[in-house]
Amino acid sequence: MTSINQEPARRPDSGLSYVPVAWLCITMALSVYGLISSWRVIGGYGLPDSVAYFVYSGLAGGIVTILWGLYLLGLAFNRSARFPRHFIIWQVVTIVWLAARLAYVLLAPDFGFSAQGLAFSLGEIAIGVLCIYLLRRGSGAEAVYASPETESPPVLVSVIAALLGIILGAALGACAGFAVGSLIAEITDMSCFEGACGYFAVFIGLAGLVVGAIAGGLFAVWRVNRRRRKPAT
């Protein structure tokens, strides 16, 4: 009798393994928003040292999150088998970073307790733990993020495309948002007392910048990986 070697059946994926990718995009969007929100206090005078350290460390953490996230998005779009492990490493580092910042805010004398901020940080940590659980070994995610039959574009190509997409999308979004804000202010006959209409247009422009940067980066990565893949040799 001849025996036939059969591969063990893999646990089917429920589709939840895509949740970490969505959470990664949301985290990057929050980092972009944080960078824009903190930009006006850079170089400001009169800030206590503890607050200044918190702001500048947040800016550095946001930049690292965005760049590291672009790399992970490249792995995800390429269906790379390395994505689950690299994402878990990133998520563990992010959770440690969030816990450290939360402890700093609670212990530093220049910060006041905020139940909303505490709940938001704990929620981020909880979602991160859930994402780690969804990409654990044996969850079926290895069947999704593995494509040995095809050759994907290099990750570096995806990262470069994402950076260009973010820059172009941010510029277009800011211009479009400012134009829309100015048009709304004019149509609604908004008061320009103390520059109110101008501030409104700038606010809409900043919102357009954030949306454009996120959309441009995601579209660029999707477009690069959408091209027909070649069979691996």
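Guide: A helix axis here is a line fitted to C-alpha atoms over the stretch in contact, and an angle between two axes runs from 0 to 180 degrees between N-to-C directions. The model is a predicted one.

Visitor: What makes H1 oblique to H3?

Guide: The axes of H1 and H3 come within 12 Å and cross at roughly 40°. Angles under 35 degrees count as roughly parallel and 65 to 115 as roughly perpendicular, with the rest, unless over 145, called oblique. H1 is therefore oblique to H3. The crossing of these two helices is left-handed.

Visitor: Which residues of H1 and H3 meet?

Guide: From H1 they are Pro 20, Val 21, Trp 23, Leu 24 and Thr 27, and from H3 they are Phe 83, Phe 87, Trp 90 and Gln 91.

Visitor: Why are H1 and H4 called roughly antiparallel?

Guide: Their axes cross at roughly 150° and come within 9 Å. Roughly antiparallel requires an angle over 145 degrees, so H1 and H4 are roughly antiparallel to each other. H1 passes H4 in a left-handed crossing. On the H1 side the contact is made by Val 19, Pro 20, Trp 23 and Leu 30. H4 contributes Phe 120, Glu 124, Ile 127, Gly 128, Cys 131 and Leu 134.

Visitor: How do you know whether Cys 131 counts as buried or exposed?

Guide: Buried means under 20% relative accessible area. Cys 131 is at 0%, so this residue counts as buried. Cys 131 lies in helix H4 and, beyond residues up to four places away in sequence, touches Val 19, Pro 20, Trp 23, Phe 87 and Gln 91. The C-alpha atoms of Cys 131 and Leu 24 are separated by 9.6 Å, although the two residues are 107 apart along the chain.

Visitor: Is Thr 65 buried or exposed, and what makes it so?

Guide: The relative accessible area of Thr 65 is 14%. The cut-off for buried is under 20%, so Thr 65 is buried. Thr 65 has its place in helix H2. Leaving out residues up to four places away in sequence, Thr 65 touches Thr 27, Met 28, Ser 31 and Trp 90.

Visitor: What class does Asp 189 fall in, and why?

Guide: Exposed means over 50%. Asp 189 has a relative accessibility of 66%, and therefore counts as exposed. Asp 189 is found in the loop between H6 and H7. Its phi is near 55°, a positive value in a residue other than glycine.

Visitor: Which residues touch the most other members of the largest nonpolar core?

Guide: Among its 22 residues, they are Leu 24, Leu 72, Phe 83, Phe 87 and Tyr 145. Two or more residues come from each of the helices H1, H2, H3, H5 and H7, and H2 gives the most, with six. The core draws at least three residues from each of domain 1 (16–143) and domain 2 (155–228). Setting aside neighbours within four places in sequence, Leu 72 is in contact with Leu 24, Phe 83, His 86, Phe 87 and Trp 90.

Visitor: How many helices and strands are in the chain, and what pattern do they follow?

Guide: The chain has seven helices and two strands, in the pattern α-α-α-α-α-β-α-α-β along the sequence. Of the 233 residues, 34% count as buried. Of the contacts between residues at least 6 apart in sequence, 82% join residues at least 24 apart.

Key
Residues are numbered from 1 along each chain as its sequence is written. This is a predicted model: local features need pLDDT of at least 70, side-chain atom pairs count only at pLDDT 80 or more; totals for chains, interfaces and linings use all residues. Side-chain values use heavy atoms; hydrogens and water are left out. A nonpolar core is a set of buried Ala, Val, Leu, Ile, Met, Phe, Trp, Tyr and Cys residues joined through side-chain atoms within 4.5 Å. Buried means under 20% relative accessible area, exposed over 50%, partly exposed in between (1.4 Å probe, protein chains only). Helices (H or I, at least four residues) and strands (E, at least two) are DSSP runs, numbered from the N terminus. Domain bounds come from an automatic or database domain assignment. Contact means heavy atoms within 4.5 Å. A crossing is left-handed if the near helix is turned anticlockwise from the far one by less than a right angle, and right-handed if clockwise.
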